[in-house]
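Welcome! Take a moment to look over the structure below, and then we can walk through a few of its strands and a pocket together.

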Amino acid sequence: ISYYDATNGDLKYVRATDASGTTWGSPQTLDATGVIGLYTSLSIVNGNPAVAYYDQTNGDLKYVRATDASGTTWGSPQTLDVTGDVGAHPSLIIMSGNPAISYYDATNGDLKYVRASDASGSAWGSPQSLDATGDVGQFSSLSIVNGNPAISYFDGINGDLKYVRATNAGGTTWGSPQTLDASGLVGYFTTLTIVNGNPAISYYDDSNFDLKYVRATDASGSAWGSPTVLVSTGVTGQYPRMSTLG
């Protein structure tokens, strides 16, 4: 687990000492420079754990990778984007062999994406703005959809759930963003994954305080079904994480 230490303003990491997670090792501090480590996203990058996260003090997107498979030692943190207040809500995955991150540019209100030029993330390409219409890009969730990167995210101006998919495997070109749910203030805390071959998203409806779910009707997410309310008892559905099990 990667996580934020709010008392000290640090990025931290802890790993279990057994396969089931019944016992755990001691937490490690990975970055303690300023107020740092919010919105962590942990993934395996070229065999070792790596974390994308937000540097609140400087308003930057940062990345750090362990030098061993268990995460007992770590390399130096890298700053990937420093243009304005950027890096909130990052989502880190492996795309065509190299790490890639979607994130929010608060200064411009844009959804952004950046991909490394090597398998370990020691060098990175230039960040791209994928959606710059209004204030968009919060709560991004990056996944591989039918071979290409795709992102679910929140449109803060209209209060909508949105989705966009690249037209190639590296994410150098992208299709047009789609609005999937516009019924009230919806699309907080999105999580995107593949369900039975098609992309699907779980998210929070802030107008009705409900947990919602929507799934595409094709493998690429060019068409989508109707959103479904999964839980509506009280205030429920914030910070969902979706996975297929079994």
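## A strand and its two partners

Strand E16 (residues 186–195) and strand E17 run antiparallel and are joined by 7 bridges. Please keep in mind that this is a predicted model.

Asp 205 has Asp 210 in E18 as its bridge partner. Between E17 and E18 the hairpin has 4 residues, and Phe 209 in the turn has a positive phi of about 60 degrees.

| Hairpin | Residues between the strands | Residue with positive phi |
|---|---|---|
| E17 and E18 | 4 residues | Phe 209, about 60 degrees |

Is strand E17 mostly covered or mostly open? Strand E17 (residues 198–205) is mostly covered, with 8 of its 8 residues buried.

## The largest pocket

The largest pocket has a volume of about 610 Å³. It is lined by 22 residues, and those closest to its centre are Thr 40, Pro 90, Ser 140, Thr 190 and Arg 241. E16 returns here: along with strand E4 (36–45), strand E8 (86–95) and strand E12 (136–145), E16 supplies at least two residues of the lining. Sorted by class, the lining of the largest pocket has 11 nonpolar, 10 polar and 1 charged residues.

Note on methods. Residues are numbered from 1 along each chain as its sequence is written. This is a predicted model: local features need pLDDT of at least 70, side-chain atom pairs count only at pLDDT 80 or more; totals for chains, interfaces and linings use all residues. Side-chain values use heavy atoms; hydrogens and water are left out. Buried means under 20% relative accessible area, exposed over 50%, partly exposed in between (1.4 Å probe, protein chains only). Two strands pair if DSSP finds at least two bridges between them. On a 1 Å grid over the protein atoms alone, a cavity is a set of points where a 1.4 Å probe fits but cannot get out, and a pocket is an open set with protein on both sides within 12 Å along at least five of seven lines; lining residues have an atom within 4 Å of a point. Grid points are joined across faces, edges and corners, and a volume is the space filled by probe spheres set on the points. Ala, Val, Leu, Ile, Met, Phe, Trp, Tyr, Cys and Pro count as nonpolar, Asp, Glu, Lys and Arg as charged, and the others, Gly among them, as polar.
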